[in-house]
Amino acid sequence: MGGNVNPKIGVFSGTWGDLGCPTPQRIASYALSPNRQRPLAGAGHAAFFNVFRRFRHQILYVAPPFIAAYAAMNWAIERNHYLNSKPGRAEAGGEE
């Protein structure tokens, strides 16, 4: 492995194919990643407040169309029941 001292640039790292320092041997390091230490740390707290925040920001986009659709469907169901009743058929001029 290279490692000659060059007075201008310091330590010469080596020729092509022999660059860098020799591989370190018999060095072992162990670590536990943060997501393995506490994988669900704060998940319940964050989930509750995230859902509330998202709901609060989206309710004005979602609720009015649902309310309008519910009102229209309710009107259509009531109108259908009326038209299929005895007074409704008499009003429409249909045969009994």
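Student: How much of the chain over residues 59–77 is helix, and how far apart are the end C-alpha atoms?

Tutor: That stretch is 100% helix and 0% strand, with the end C-alpha atoms 26 Å apart. Helices are DSSP runs of H or I with at least four residues, and strands are runs of E with at least two, numbered from the N terminus. A word on the source: this is a predicted model, where local features need pLDDT of at least 70, side-chain atom pairs count only at pLDDT 80 or more, and totals for chains, interfaces and linings use all residues. Residues are numbered from 1 along each chain as its sequence is written, and side-chain values use heavy atoms, leaving out hydrogens and water.

Student: What does UniProt call residues 59–77?

Tutor: The unreviewed UniProt entry annotates them as "transmembrane region"; such annotations may be inferred rather than shown by experiment.

Student: What makes Phe48 and Phe49 an edge-to-face pair?

Tutor: A search of the whole structure finds one aromatic pair. In this pair, the centres of Phe48 and Phe49 are 5.1 Å apart and the planes are at 80 degrees. Ring centres must lie within 6.5 Å, and planes over 60 degrees apart count as edge-to-face, under 30 as stacked and the rest as tilted, so the pair is edge-to-face.

Student: Why is Phe48 called exposed?

Tutor: Its relative accessibility is 54%, and exposed means over 50%, buried under 20% and partly exposed in between (1.4 Å probe, protein chains only). Phe49, at 43%, is therefore partly exposed.

Conventions. Phe/Tyr/Trp six-rings, centres within 6.5 Å; stacked < 30°, edge-to-face > 60°.
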